[in-house]
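Welcome! Take a moment to look at the chain below, then follow this short tour of its main features.

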Amino acid sequence: MKKALITGITGQDGSYLADLLLENGYEVHGIIRRASTFNTSRIDHLYADPHINGVRMFLHYGDLADSVNLVKLLYDLKPDEIYHLGAQSHVRVSFDIPEYTSDVTGVGTIRILEAIREAGLRSRFYQASSSEMFGTAQAVPQNEKTPFWPRSPYGVAKVFSYWATVNYRESYGLHASNGILFNHESPRRGETFVTRKISRAVAAIKQGLQTELFLGNLEAKRDWGYAPEYVEAMWRILQLDAGDDFVVATGETHTVREFKSSRLGTESAIPRSGSHHGRCRYGITVPRNTAETFRKTSIVTLTCRFATSPGSRPGGARRGLR
């Protein structure tokens with residue numbers, strides 16, 4: 001039975017990846033941070049007491065800032081595959097906590113890679129890279145050869161992680177791959193992200209619980225995909241004979257305005273309970289000191305093809321690595 005370790009298992013992607021790996025017969029281990037409140041809602045349907053026979057998912061306390069713990073954990077588990085999804089992943093918040101973002105999202109990757117090397121493992125390693133690395137894109141659409149120009153502390157940290165993964169692959173012969181994923185959504189998406197912010201507002205406005213929705217740049221364009229398909233791409237990347245770097249996207253962009261309109265209709269009045277109506281208003285929600293930088297970042301058109309390996313077919317996250 002193959003054994004996989006997932007950092008960020010409690011997040012959107014980590015939970016869907018755990019679903020997929022368990023379906024494929026893996027024993028799955030996940031790293032979670034100690035907290036005073038439970039933060040495992042996305043994987044509660046998978047969890048069972050580890051003392052029960054036949055259990056194949058196990059959770060371990062750890063932190064990407066604790067290299068000693070990571071080395072010990074990898075040495076004890078000896079996973080066949082490591083999916084490094086853990087990070088401070090909110091782009092806007094990275095302006096508020098740039099040092100923490102750099103340490104966890106950037107240096108945290110080095111700690112995992114060093115732990116693999118120190119433990120003497122031949123684990124296959126997947127690094128969750130991001131389209132935010134392209135930032136002020138130098139070409140449209142973007143592909144694996146497009147230069148990076150990140151426009152946020154989060155993007156900078158992800159670029160560091162990307163090149164760390166490439167360096168360890170080339171210097172130490174690790175089976176290490178980068179998946180440069182464009183935006184991907186699902187019902188498990190964090191509620192502070194714009195897609196969930198809009199979908200939650202739709203429900204609240206129609207129930208009379210909310211009258212306004214504040215958004216940033218409505219002309220920002222994003223390539224939005226479906227998270228379960230993207231985690232399948234992660235898994236397929238690690239099934240290849242050698243590590244490599246891949247862009248994962250749909251190749252189609254839409255503006256925030258289009259997404260909003262598909263959920264809310266036009267900016268006209270939105271029906272609420274009874275004969276009352278609520279109006280959706282829009283405003284920049286980022287702090288003044290980062291608004292201009294973030295606004296410039298958000299209007300970048302992020303489109304790309306899904307990278308293909310020899311013998312594979314282009315055309316989408318689900319088909320790209322077959």
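The protein chain as a whole averages a pLDDT of 81, and 81% of the residues score at least 70.

Because this is a predicted model, local features need pLDDT of at least 70 and side-chain atom pairs count only at pLDDT 80 or more, while totals for chains, interfaces and linings use all residues. Residues are numbered from 1 along each chain as its sequence is written, and side-chain values use heavy atoms, with hydrogens and water left out.

**The sheet**

- Helices (H or I, at least four residues) and strands (E, at least two) are DSSP runs, numbered from the N terminus.
- An open sheet is built from 7 strands in the order β3-β2-β1-β4-β5-β6-β10, with parallel pairing; two strands pair if DSSP finds at least two bridges between them.
- β3 (57–61) and β10 (245–248) stand at the edges with a single partner strand each, so one side of each has no neighbour in the sheet.
- From one strand to the next, the twist averages 20°.
- β6 (residues 176–181) pairs with β10 over 4 bridges in the parallel sense, and Asn 178 stands opposite Asp 245 in β10.

**Helices against the sheet**

- Helix α1 (residues 12–23) lies across β1 (3–7), β2 (27–32), β3, β4 (81–84) and β6, and runs at about 170° to β1; axes are lines fitted to C-alpha atoms, for helices over the stretch in contact, and angles run from 0 to 180 degrees between N-to-C directions.
- In helix α2 (residues 67–77), Leu 70, Leu 73, Leu 74 and Leu 77 are buried (under 20% relative accessible area, with exposed over 50% and partly exposed in between, using a 1.4 Å probe and protein chains only).
- Seen down the axis of α2, these buried residues fall within an arc of 95° (taken from the directions from the helix axis to the C-beta atoms), so they line one face of the helix.
- On the other side of α2, Val 68 and Lys 72 are exposed.

Definitions and conventions
Contact = heavy atoms within 4.5 Å. pLDDT = per-residue confidence, 0-100.
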